[in-house]
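I opened my notebook with the sequence and the structure side by side, and I wrote down what I looked up, one topic at a time.

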Amino acid sequence: VYRDGIFIGAATSTSATTWTLDNVAIDAESDTYTVAIADSVGNTLAGSGSLNIALDTVAPTTTSAIVSYVDDVGAITNNTSTATATDDPLVTLTGTNAALQTGEVINVYRDGVLIGAATSTSAITWTLANVAIDAESDNYTVAVADSVGNTFAGTGSLRLLWIRYLR
């Protein structure tokens, strides 16, 4: 197997008509792979065709933001709350975004850890339901991710503290 004309390794035959070459590192933004069949003395016959593999490292540019949360349990309720404390242990986060491109999703993070992908409610809004708030102060952020995992951080954040004694 050759990458951009340079030999990178011998493939393993998996049947009479198929082969594999494992752990091939893609080392450029775009590489072309070709094969040749070699006998035991080194005579080669070039294979037909080639495979071009492009490495996508470009982050999406679609913007997103957390706007508010739905607080629908407890002494104080609000469908568009931005308060930093709530007595609702399970909230629905809401936000806005520019039009998503094919394959893009809005990921929601709590203190830097992915907690889920938001659901689009229109071309420019999203929600993430049943987000558990704990007794500590949590910071929620969003990022748009493309189909290969490149991300673009959203704007703003939402800090929430669950106040148990208000219930």
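Which residue in β17 does Y109 stand opposite? I looked this up and found that Y109 stands opposite T141. Before going further I noted that this is a predicted model, in which local features need pLDDT of at least 70, side-chain atom pairs count only at pLDDT 80 or more, and totals for chains, interfaces and linings use all residues. I also noted that residues are numbered from 1 along each chain as its sequence is written, and that side-chain values use heavy atoms, with hydrogens and water left out.

**Entry: β17 and its partners**

I kept to the DSSP naming, where strands are E runs of at least two residues, helices are H or I runs of at least four, and both are numbered from the N terminus. Two strands count as paired if DSSP finds at least two bridges between them. Strand β13 (residues 105–110) pairs with β17 in the antiparallel sense over six bridges. On β17 I also found strand β19 (residues 158–162), antiparallel again and with four bridges, where the bridge partner of D138 is L160. β18 is joined to β17 by three bridges and runs antiparallel to it, with V144 opposite F152 of β18. I reminded myself that strands of a sheet pair through backbone hydrogen bonds, either parallel or antiparallel.

I then checked burial, where buried means under 20% relative accessible area, exposed means over 50%, and partly exposed lies in between (1.4 Å probe, protein chains only). Seven of the nine residues of β17 are buried, so I wrote the strand down as mostly covered.

β17 and β18 form a hairpin with five residues between them, and G149 in the turn has a positive phi of about 100 degrees. N150 lies in the loop between β17 (137–145) and β18 (151–153), and I recorded N150 as buried because its relative accessible area is 16%. I looked at what N150 touches, taking contact as heavy atoms within 4.5 Å, and found D56, T57, V58, A59, P60, V144 and A145, not counting residues up to four places away in sequence. The side chain of N150 reaches the backbone oxygen of V58 at 3.2 Å.

**Entry: an open sheet**

Four strands form an open sheet in the order β2-β1-β5-β8, with antiparallel pairing. β2 (6–7) and β8 (51–54) stand at the edges with a single partner strand each, so one side of each is left without a neighbour in the sheet. I found two bridges between β1 (residues 2–3) and β5 (residues 30–34), and the bridge partner of R3 in β5 is Y33.

Technical notes:
Polar contact = N/O pair within 3.5 Å; in protein donor to acceptor, adjacent residues only side chain to side chain.
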